[in-house]
Amino acid sequence: AKEGFEADDILATLAVAGERHDLDVYLCTSDKDCRQLLSQRVRLYNLRKREEFGPAELLEDWGVRPDQVVDLQALVGDSVDNVPGVPGIGVKTAAKLLQEFDTLDNLLANTAQV
């Protein structure tokens with residue numbers, strides 16, 4: 001632990017560093033925020049279920065890419081991180097919007113089409 005940093009910040013730093021050094025990184029966490037780190041080298045490992053989770057599983061589960069996770073959570077909200085989200089928008093609707101508009105910024109620039 002390092003004062004002033006949350007555990008997921010440290011996990012993210014180590015995951016990115018490992019990936020840059022061509023290492024396979026397994027994050028043993030159920031923290032949804034870590035899904036944004038997924039890549040061919042970075043995967044999540046669920047200790048309880050003994051299952052790996054990577055970009056393909058994210059696409060199947062949430063319908064988005066790792067680089068869209070933050071935008072999805074901004075739309076859906078996350079009570080743990082005090083993110084209110086957009087009322088009435090769940091994961092399926094958020095994923096559909098991101099599939100169509102790619103990013104939250106692009107979605108906001110085109111709200112007249114929604």
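Trainee: How much of the protein counts as buried?

Mentor: Of its 114 residues, 35% count as buried, where buried means under 20% relative accessible area, exposed means over 50% and partly exposed is in between, using a 1.4 Å probe and protein chains only. Please keep in mind that this is a predicted model, in which local features need pLDDT of at least 70 and side-chain atom pairs count only at pLDDT 80 or more, while totals for chains, interfaces and linings use all residues. Residues are numbered from 1 along each chain as its sequence is written, and side-chain values use heavy atoms, with hydrogens and water left out.

Trainee: Okay, and what pattern does the protein follow along the sequence?

Mentor: It reads α-β-β-β-α-α-α-α, which gives 5 helices and 3 strands; helices (H or I, at least four residues) and strands (E, at least two) are DSSP runs, numbered from the N terminus. The C-alpha trace spans about 45 × 30 × 30 Å along its principal axes.

Trainee: What is the strand order in the sheet?

Mentor: The order is β1-β2-β3 in an open sheet with mixed pairing, and two strands pair if DSSP finds at least two bridges between them. Because β1 (25-27) and β3 (51-53) stand at the edges with a single partner strand each, one side of each is left without a neighbour in the sheet. From one strand to the next, the twist averages 35 degrees.

Trainee: Mixed how? Which strands run parallel and which antiparallel?

Mentor: β1 and β2 run parallel and are joined by 3 bridges, with Val 25 standing opposite Val 42 in β2. Strand β2 (residues 42-46) and β3 run antiparallel, also joined by 3 bridges, and here Tyr 45 has Glu 52 of β3 as its bridge partner, while Asn 46 has Glu 51. β2 and β3 form a hairpin with 4 residues between them, and in that turn Arg 50 has a positive phi of about 55 degrees.

Trainee: Which helix touches β2 and β3?

Mentor: That is helix α2 (residues 55-62), which packs on the sheet with its direction at about 85 degrees to that of β3. Contact here means heavy atoms within 4.5 Å, and the angles, which run from 0 to 180 degrees, are taken between N-to-C directions of lines fitted to C-alpha atoms, for helices over the stretch in contact.

Trainee: Switching topic: which residues of α3 are buried?

Mentor: In helix α3 (residues 69-76), the buried ones are Val 69, Asp 71, Leu 72, Gln 73 and Leu 75, and what covers them includes α2, α4 and α5 (104-109). Just after α3, Gly 77 takes a positive phi of about 95 degrees.

Trainee: And Leu 97, is that buried or exposed?

Mentor: Leu 97, whose place is in helix α4 (residues 91-101), is buried, with a relative accessible area of 12%. Leaving aside neighbours within four places in sequence, Leu 97 is in contact with Ile 89, Asp 102, Leu 107 and Val 114.

Trainee: How far apart are Leu 97 and Leu 72?

Mentor: They are 25 residues apart in sequence and 9.0 Å apart in space, C-alpha to C-alpha.
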